[in-house]
Amino acid sequence: MTILITGGAGFIGGAAVRYILKHTEYKVVNIDKLTYAGHLSSLAGVVNSSRYHFYNSDICDRDLLREVFKRHKPKAVIHMAAETHVDRSISHAEPFMTTNIMGTFVLLEATRDYLEGLSRNARNSFRFQHISTDEVFGDLKASDSMRVESSCYAPSSPYAASKASADHLVRAWGRTYNMPILISHCVNNYGPYQFPEKLIPKMIINAERGELMPLYGNGTQIRDWIYVDDHVLALMKILEQGKPGHTYNVGGHIQKTNIEVVETICDILDKLIAQKPKGIKNYRDLITFVADRPGHDHRYAIDATKIGRALGWKAKQTFESGLLKTIKWYLNNRAWWKQARSDG
Ligand code: NAD
């Protein structure tokens, strides 16, 4: 069976491609435009597999998508290609609208064309899996209960609004054209090969280099966290056992303030690195507060009970174990993030 993955050179897509090629028999076709966030070096261990095929292409390219469907006849699509950084969406929203909304539309249409040529059985067993985010639910107050799959959308940033739009398109194509869709909303991911503009890798790298560690506002914003490989295991469960038309929240029920996350990184680095950068006694000395992001959501929190009950999925890593693995990976893979930083 062939799975068509979009965005497979990105952070989560790369983890998914590596997992599928190492641990399953599936073939993978990866379509990735290789923006600043896409790195083929993340796939170095698996690209020589005879079960892997790569297209350096844009999901907005209708002709290319039609050609790929015709040639590879996938049994599923896992749609992860997206512009993903909230700050970039605030300064330059257009690529977010183009890729996240129009790209999803073009991909849905190419999938629909392809499904029309399949037998009823093949159509029914096909899956279009769309990867969404907890950010579509918007800002929660401390007293608000965690968001469930049926909670109302209230996106705040251009990124979140573009992802919310894509979710609506996917559900509409599911309902109107009877497409077997699956959607998952996941919390903040962290782990190896994440582009160092995101909070955790950025803070590890800044600290290690003795640079200031800038935290928005007073650092009390709350995020839910998951180790990326746990997310991939959830995606595989949803793909193989999820009910078409259903949505699944994916999270580890780990709510932390940003300051807690950054202080934990500093404390781990204090233990791991004997020789601190010049003038630094503890890594916490590098934490500095900067003007808050416009429209910054205070809290995200999702309830992942459904995926646990329905599919038996549970995150394996605790925040402490996942963070330690992540920090060690960044300390041991300087060449990867130095190259990524210079590309970005
Ligand atoms: P990422 O930014 O690391 O990677 C995105 C990938 O998509 C890159 O390889 C990029 O080259 C590719 N891409 C971008 N535009 C493209 C286009 N037009 N055509 C083809 N490829 C294109 O993102 P990520 O963190 O791996 O996120 C993957 C998905 O998961 C996204 O849809 C994101 O919204 C969602 N998500 C991410 C998180 C998180 O914490 N990282 C949490 C929840 C959901």
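Close-up 1. Axes here are lines fitted to C-alpha atoms, for helices over the stretch in contact, with angles running from 0 to 180 degrees between N-to-C directions, while helices (H or I, at least four residues) and strands (E, at least two) are DSSP runs numbered from the N terminus. In this predicted model, local features need pLDDT of at least 70 and side-chain atom pairs count only at pLDDT 80 or more, whereas totals for chains, interfaces and linings use all residues. Residues are numbered from 1 along each chain as its sequence is written, and side-chain values use heavy atoms, with hydrogens and water left out. The axes of H7 (residues 199-208) and H11 (residues 319-332) come within 10 Å and cross at roughly 50°.

**Close-up 2. Residues in the contact of H7 with H11.** Contact (heavy atoms within 4.5 Å) involves Ile200, Pro201, Ile204, Ile205 and Glu208 of H7, which meet Phe319, Leu323, Thr326, Ile327, Tyr330 and Leu331 of H11.

**Close-up 3. The largest nonpolar core.** A nonpolar core is a set of buried (under 20% relative accessible area, 1.4 Å probe, protein chains only) Ala, Val, Leu, Ile, Met, Phe, Trp, Tyr and Cys residues joined through side-chain atoms within 4.5 Å. Of the 35 residues in the largest such core, Ile200, Met213, Ile265, Leu269, Phe319, Leu323 and Ile327 touch the most other members. At least two residues of this core come from each of H7, strand E8 (213-216), strand E9 (222-227), helix H9 (258-272), H11 and helix H12 (334-343), and H9 gives the most, with seven residues.

**Close-up 4. Surroundings of Ile200.** Not counting residues up to four places away in sequence, Ile200 touches Tyr190, Trp225, Val261, Ile265, Phe319, Leu323 and Thr326.

How values were computed. Buried < 20%, exposed > 50% of the residue type's maximum accessible area, 1.4 Å probe, protein only.
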